[in-house]
Amino acid sequence: MYQEEYKRWMEADLEDPDLKPELSRIEGNDDAIKERFAVALKFGTAGLRGVLGAGTNRMNIYVVRRATPGLANYIIKQGAADKGVAIAYDSRHMSPEFAMEAAMTLAENGIKAYKFESLRTRPELSFAVRELGCVEGIKIQASLKQQEYTSYKG
């Protein structure tokens, strides 16, 4: 199953140009392919956290696109779609792109997204959630782990 997912990604016209070379480098390496594609990155106590890179078990725009509808569905079920979500990000590689993907996915689900235009801290996000009356806040930020990790926290 994971080999088929790897092939699907290899054949896809990926928007993130950094992912294809990474996928090409692991071609024929079953262990590397399995590690990236045998499971999907899951939410834990620290949100959605993982190594940046290609695959379903990595942080990338496609994983953000897959995770955000779950949050949107929850917000809609709570009857709070009109309240919106504030989104902030840090200087980590791909953080602005992940924030934009989350905002666009929320908008596609009828939820207003207030995305900061530049880097913001967690306290600024908390203030924005309260000030704007948002139902939720999303922070794309560095993980406490090594620098290749990043996280999506709702």
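**Helix packing and a few single residues**

Reader: To start with α6, which strands are among the elements that cover its buried residues?

Author: The cover over the buried residues of α6 includes β3 (85-89) and β5 (136-142), where buried means under 20% relative accessible area, exposed over 50% and partly exposed in between, with a 1.4 Å probe and protein chains only. Helices (H or I, at least four residues) and strands (E, at least two) are DSSP runs numbered from the N terminus. This is a predicted model, in which local features need pLDDT of at least 70 and side-chain atom pairs count only at pLDDT 80 or more, while totals for chains, interfaces and linings use all residues. Residues are numbered from 1 along each chain as its sequence is written, and side-chain values use heavy atoms, with hydrogens and water left out.

Reader: OK, and which residues of α6 are the buried ones?

Author: Helix α6, which spans residues 122-132, has Leu125, Ala128 and Val129 as its buried residues. They lie on the same side of α6 because they cover an arc of only 100 degrees around the axis, the arc being that of the directions from the helix axis to the C-beta atoms.

Reader: What sits on the face of α6 turned away from that side?

Author: That face carries the exposed residues Pro123, Arg130 and Glu131.

Reader: Switching to α1 and α3, at what angle do they pack?

Author: Helix α1 (residues 2-11) and helix α3 (residues 30-37) pack at about 85 degrees, with their axes 9 Å apart; axes are lines fitted to C-alpha atoms, for helices over the stretch in contact, and angles run from 0 to 180 degrees between N-to-C directions. That makes the two helices, α1 and α3, roughly perpendicular (65 to 115 degrees; under 35 is roughly parallel, over 145 roughly antiparallel, the rest oblique).

Reader: Which residues make that contact?

Author: From α1 come Tyr2, Gln3, Glu5, Tyr6 and Trp9, and from α3 come Asp30, Ile33, Lys34 and Phe37, with contact meaning heavy atoms within 4.5 Å.

Reader: And what do the buried residues of α3 pack against?

Author: They pack against α1 and α2. The buried residues of α3 are Ala32, Ile33, Arg36 and Phe37. Seen down the axis of α3, these fall within an arc of 105 degrees, so they line one face of the helix.

Reader: Since α2 came up, is Glu22 buried or exposed?

Author: Glu22, which lies in helix α2 (residues 19-25), counts as buried because its relative accessibility is 13%. Leaving aside neighbours within four places in sequence, Glu22 is in contact with Arg36, Gly53, Ala54 and Arg58.

Reader: Last one: what about Lys42, buried or exposed?

Author: Lys42 is exposed, with a relative accessible area of 61%, and it lies in the loop between α3 and β1 (43-44). Not counting residues up to four places away in sequence, Lys42 touches Gly47 and Leu48. From C-alpha to C-alpha, Lys42 and Asn57 are 8.1 Å apart in space, and they are 15 residues apart in sequence.
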